[in-house]
Amino acid sequence: MDAPRSNWVGRSVRRKEDDRLLRGLGNFADDFSLPGQLYCEILRSTVPHARIVRVDTSRATEIPGVVIAVSGQEAKKHWKPLPHLVEMMGLKQPNIYALATDKVFYEGEPVAAVAAESRYAAEDALAAIRVEYEELPTVLTIDESLGANGRPPKIVLYEEWGDNLQLDWQFSYGDVAGAFASADLVLSDRIRVQRHSGMPLETRAVLAEYDHRRRELTVRMSTQIPHQCRSAFAAIFGLPETHIRVLSGDVGGGFGNKTQVDAEAIPILLSILTKRPVKWAEKRSDWLVSGPAARDYVHEIEVAFKKDGTLLGVRDALVGDIGCDGAVRTGGVHSLLVGGIYIPGPYKLQNYEVSVRAFVTNKAPYGPYRGFGKDVANVAMETMLHRGAIALGLDPVEIRQRNLVDEFPYQICTGPMLENGSFRDCLDRLVKEMDIEALRKRQEQSRKEGRFIGIGIASMMEPSGFAGPMSMFSGFESASVRVAPDGSVLVLTGIQGIGQGTETSIAQVAADRLGCTPDNVRVVYGDTAVVPYGLGSFSSRGSTYGAMAVYQAANQAREKLLKAAANMLEVDPLDLELKEGCVSVRGAEARRLSLAEVATAIYFFPGPYLTLPNEPNPIPEGHCTWTNPAVRWTPDEAGRIQIYPFHASGADGALVEVDPETGEVRVEQLWGVHDVGKMINPKIVEAQLVGGAVQGFGGAMFEELKYDESGQMVTVTLGSYQLPNFRSAPPMKIAHLETPSGITPLGTKGVGEGGIIAIPTIIRLAIEDALRPFGVKVNATPLTPPRVLDLIESARPSTRRADPP
Amino acid sequence: MERQSFPISVKVNGTEYRRQVEPRLLLVDLLRDELGLTGTHIGCEEGICGACTVEVDGEIVKSCLLFAVQADGASITTIEGLADGDRLNPLQDAFAESGALQCGYCTPGMVMAARALLKSCPAPSDEEIRCAMVGNLCRCTGYQHIIDAVKHAAEVASSGNEKPRVT
């Protein structure tokens, strides 16, 4: 097979998705309707921890237009508990139903549901349902969840567990004690990040139809993982998967928050019980109170340095508050594991000890959010490097250059293999892009004028393509590529479009292999009846797993087209080129056949026996389920496995100004230098990086899912959650380096999360740098004006306390 | 309990519709559920996100904050009314050129807000765009490329050049 020569891969082709989205003709789940449909609303718990004594739905069904109202106890007769998403690491898994039966574990847990002739009647019905709770004492902090002084906690959420620990993992490598004993400098700190999450603009939406006569269930929904949803519905409802179809068209943002089945099962149940289609469009306030939450952790980290800045050893204790569950209702608990694994980052460090513990509390479930732990790792190591530099009198760039890996492949001490990388080059380029020298002069000048500007930088990496054993995210992806008799190309991909331009980039890959244009390629996803079993979109896997499955499948179709054309033109297939919609003889381009001519000849005129004699599967189609050769699930001698095969490199920088009178922070500029391997569509790559960066900015500056001291959610409106807007969002400049991955012929590495990973870090460090004259250390976010003022105040010698907020 | 309903008449994208509606029916629900114009989206229920932005009698409004009965007799333009048959209008085209949309959920509201801005301010600065469109949230793009799109559309309109650039 000739080495890939690409015409479309690498070009910023205009997105195929855009036309329908700009016209308002998108295919979002709530845009669809079926005759006779009912509307579902969900009654959610108003208390954070309670036994359910009684649910009285009788008055709800008296309201005109209300067809059904069910409690968790009634629903239990008709369905099974939520299935497990991940089984690895001996996770403790709550046994729960989509509608709570005996207990509620968080304020917002679904307790009852109704279906009515209109959305409005459904809301009326909710108000008529009476629920009697026997409130239980709450567990709202890590301390309460852990228990004091080695004794078991007073309150345990899941009685059968005996404690509140869902994940408990320790790892040690090298001679950590020796590293610390020989250190010239040991720094330790407590680094905290608040609870916040993806907050996509489209909430969850479902249109469920159960056809009783055919025993067929069709579920249109907003999800990142249509196939796994189908498998989950089969388990919940006892239906064969072959009789379930999940449709996911356009999805209004996922960011990891739509990788589970939770309340989505409820409208399906109501459809089965009422024998009518049932629609559910989640209210924003319901999403805020019950949608997958993320982050919410604290590092207690110690780093040992040599006086020249060399990293000798690191110890970290990472503890996360994962709400009522991070494994079944939604699967976010492993992000903390990923955090613990990647703290060493792209640095030469072989003495490392980490413990990761995830505690349950009476808050909303804990799900994946862009970054999935790579951000958790980044903030810890980069903050300590920054502070190490200051303590040792070194430049923050210099301390990183001293420690960055520069010989590849390099195995991080926790296991992941860095196949290649350009970390040093990215950092060097960042320094140039920012013109740090000029910024330092400006900083000095500003201080003289009583203004406080600050610079923050960080190296980063984006591990992507998570392939987890014992999970529904098990590292494969499927595609079918079919050339029709008329020469048009159909690609069926298991990747899901969630705004990242799947239809376009996948079409570019197929177009290159088949010598046609992306316009000639139709990409279909999000239909489990049509598309081969795939794992959907998460972990930035579209340009690696998704594209490689298509690449291989397209190659199979390509081989057959070339062979047939070779027979028709009476030449050797190696003498043929496939480009511009034609197969032509190299050097004699007048001798050519269009894709349509070759395809029609294979299928019909004359047919396969003459065009592809003795060829197995003699029509121009290909199929591939791609797995990654760099993934390894059998542990090595140190117990380590390879589950993140690709690593993109990068370095990010921020320039901020802080007003110490008001606490206001203005992020003047962000910079990112990113190497994501081969870029399929540079414009799409840039869009992902900028979008991710602004999400990271929001998380650092003001986003917070806040609870009060009684476990009630305070941020119940989008306005109170505070998303970045046109006025607050900072500008970002991006530069690209391109070191192709050696793992695949395409050379891509994944980019979906790269934008967000280091942004909260650099904003924290830039603010710390700006407020250095005040002796401030930024150890927590969000950096709202009151917090910034408090940081300045607590750093004053007269008010300095042991543990600033 | 009997629910009252009232007759209303609205013109949407040039077409007259007459419907009987409950007083509490939101304009956005009239457009989406009654009239099948699902291009206008719902992202919150408090008028913060702007995904539901439409034009009513020449002014943009958040249609989740208006009752259908309040729009009785009004002339409404939604996202579906912008394109000219097969061709996107120059503003929509500018969005595509500039990479100003990703998931597309905020996009109809964004385009309606940008259109209103360009009507009153044909050559807005970055700052004017940021201020005028602050009522529209986007979670995917980080806003930068939307600002580029609005400026590009303004340039195209002022140069009188209707032909879009092709990559």
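A:Asp286 lies in helix 8 of chain A, which spans residues 284–290. The structure is a predicted model. A:Asp286 counts as buried because its relative accessible area is 9%, under the limit of 20%. Leaving out residues up to four places away in sequence, A:Asp286 touches A:Ile42, A:Arg44 and A:Gly291.

### Nonpolar cores

In soluble globular proteins, nonpolar side chains tend to be buried together. In this model the largest nonpolar core contains 222 residues. The residues with the most contacts inside that core are A:Trp79, A:Phe233, A:Phe237 and A:Ile266, together with B:Phe95. When neighbours within four places in sequence are set aside, A:Phe237 is in contact with A:His78 and A:Trp79, and also with A:Ala265, A:Ile268, A:Leu269 and A:Ile272.

### The interface between the chains

The size of an interface is often given as the accessible area lost when the parts come together. For chain B and chain A, the area buried between them is about 4700 Å², with 54% of it on carbon and sulfur atoms. Three residues, B:Gln102, B:Arg130 and B:Arg139, supply 18% of the area that chain B buries against chain A, more than any other three residues. In terms of contacts, 60 residues of chain B meet 55 residues of chain A.

### Cavities and pockets

Rolling a probe the size of a water molecule over the atoms shows where empty space is left. The model has 12 cavities of 30 Å³ or more.

| Space | Volume | Lining by class |
|---|---|---|
| Largest cavity | about 790 Å³ | 18 nonpolar, 22 polar, 6 charged residues |
| Largest pocket | about 1000 Å³ | 16 nonpolar, 8 polar, 14 charged residues |
| Second largest pocket | about 670 Å³ | 13 nonpolar, 4 polar, 9 charged residues |

The largest cavity is lined by 46 residues, and those closest to its centre are A:Phe538, A:Ser539, A:Ser540, A:Arg541 and A:Gly752. Three helices of chain A each give at least two residues to the lining of the largest cavity: helix 14 (502–514), helix 15 (542–569) and helix 18 (682–701).

The largest pocket has 38 lining residues, of which A:Arg192, A:Val193, A:Gln194, A:Asp296 and A:Lys363 are closest to its centre. Two or more residues of the lining of the largest pocket come from each of these elements of chain A: helix 4 (142–146), strand 8 (185–196), strand 13 (294–305), strand 14 (311–321) and helix 19 (718–721). Strand 8 of chain A gives the largest share of the lining of the largest pocket, with 5 residues.

In the second largest pocket, 26 residues form the lining, and A:Glu664, A:Val665, A:Arg666, A:Val667 and A:Arg727 lie nearest the centre. Both chains supply elements to the lining of the second largest pocket: strand 26 (646–658), strand 27 (665–675) and helix 18 of chain A, and helix 4 (126–132) of chain B, each give at least two residues. The largest share of the lining of the second largest pocket, 4 residues, is that of strand 27 of chain A.

Key:
Residues numbered from 1 in each chain as written. Chains lettered and ligands numbered in written order. Predicted model: local features only at pLDDT ≥ 70, side-chain atom pairs only at ≥ 80, totals over all residues. Heavy atoms only, no water. Core = buried A, V, L, I, M, F, W, Y, C linked by side-chain atoms within 4.5 Å. Buried < 20%, exposed > 50% of the residue type's maximum accessible area, 1.4 Å probe, protein only. Contact = heavy atoms within 4.5 Å. 1 Å grid on protein atoms, 1.4 Å probe; cavity = no way out; pocket = protein on both sides within 12 Å on 5 of 7 lines; lining within 4 Å. Points joined across faces, edges and corners; volume = space filled by probe spheres on them. Nonpolar A, V, L, I, M, F, W, Y, C, P; charged D, E, K, R; others polar. Buried area = accessible area lost by both parts, 1.4 Å probe.
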